[in-house]
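Take a look at the structure below. A short walk through its parts follows.

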Amino acid sequence: MEKNMKEDKMQVYEIGYMLISSIPEEKVTAEVAKLKDSLLKKGAEFLGEEAAELKTLAYQMTKKIGPTHHRFDTGYFGWFKFELPAKEIEGIKKSFEENPHMLRMLLITTVRENTYLGKKSPVLMSEVPVEPTVESGVELSGEAVVVPKASVEEMDKSIDAMVKEA
Amino acid sequence: MNKQCYFMENNIRNIDYKDTEILKKFLNPHARMISRKKSGVCAKSQRQLAVAVKRARFLGLLPYVAR
């Protein structure tokens with residue numbers, strides 16, 4: 001009884017996939033659509049996804065296609081995030097694994113909230129110098145004090161005055 | 001002086017394997033993970049980081065070894 005309840009419970013999953021790079025670029029979207037359809041048929045509710053894009057692999061991977069082993073240095077990487085009853089996930093996993101164009105796939109359980117920072121990541125943001133900018137006619141803060149730039153002569157004078165005082 | 005955890009400072013509660021630019025910060029030139037003694041990452045985040053790095057390696061987003 002408890003087991004049945006667990007199996008019926010909705011769970012958030014994420015599938016990251018790497019498709020072989022020998023697929024022509026124009027057929028990749030169709031291939032991804034097939035994968036998406038297989039999820040929709042099982043009643044998946046999509047929470048997020050990223051279209052497959054060609055990536056250079058960090059290391060060479062091999063896949064056996066027919067009798068020969070093929071080596072790949074690039075692949076189309078994409079991901080889906082979806083919600084699905086736990087009992088359906090085994091079938092999904094099997095269908096993804098058996099896909100002839102699948103180089104690697106990773107199925108994980110995750111949280112509903114967005115975890116992927118992407119271009120919002122603090123690493124990438126830190127490359128852009130963070131300086132307060134004032135847009136035309138808009139002040140960032142009311143208390144901001146604008147200090148005029150001092151010329152070299154003015155600075156020399158003030159230093160001389162300080163030395164005399166001492 | 002104690003270092004602050006990078007993930008706690010930036011309010012990153014779930015470390016994602018797809019954020020490879022962040023993960024790379026915590027790998028040495030040989031692509032091995034940096035100890036939390038050096039990086040200052042808290043124990044909870046270090047465990048999440050280890051899982052994320054291993055997932056990224058499996059999918060070929062990060063290398064197992066380099067140089």
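The text moves from a sheet to a helix, then to a chain contact and a single lysine.

Keep in mind that this is a predicted model. Start with chain A. Here four strands make up an open sheet. Their order is 2-3-1-4, and the pairing is antiparallel. Two strands sit at the edges: strand 2 (45-65) and strand 4 (102-109) of chain A. Each of these pairs on one side only. From one strand to the next, the twist averages 20°.

Now follow strand 4 of chain A to its partner. Strand 1 (residues 10-20) of chain A is joined to strand 4 by seven bridges. The two strands run antiparallel. Across this pairing, A:Gly16 stands opposite A:Leu106, a residue of strand 4.

A helix comes next. Helix 3 (residues 89-97) of chain A lies across strand 1, strand 3 (68-85) and strand 4 of chain A. Helix 3 runs at about 160° to strand 4.

Turn to where the chains meet. Chain A gives 18 residues to the contact, and chain B gives 16. On the chain B side, helix 2 (20-24) and helix 4 (43-58) each supply at least two residues. That side divides into seven nonpolar, three polar and six charged residues.

Finish with one residue of chain A. A:Lys120 lies in the loop between strand 4 and helix 4 (122-126) of chain A. Is A:Lys120 buried or exposed? A:Lys120 counts as exposed because it has 10 C-beta neighbours inside 10 Å, and the cut-off for exposed is 12 or fewer. A:Lys120 and A:His101 are 19 residues apart in sequence. In space, they are 31 Å apart, C-alpha to C-alpha.

Methods
Residues are numbered from 1 along each chain as its sequence is written. Chains are lettered from A and ligands numbered from 1 in the order in which they are written. This is a predicted model: local features need pLDDT of at least 70, side-chain atom pairs count only at pLDDT 80 or more; totals for chains, interfaces and linings use all residues. Two strands pair if DSSP finds at least two bridges between them. Axes are lines fitted to C-alpha atoms, for helices over the stretch in contact, and angles run from 0 to 180 degrees between N-to-C directions. Two residues are in contact if their C-beta atoms, placed from the backbone, lie within 7 Å. Ala, Val, Leu, Ile, Met, Phe, Trp, Tyr, Cys and Pro count as nonpolar, Asp, Glu, Lys and Arg as charged, and the others, Gly among them, as polar. A residue is buried if 20 or more other C-beta atoms lie within 10 Å of its own, exposed if 12 or fewer, and partly exposed in between; C-beta atoms are placed from the backbone.
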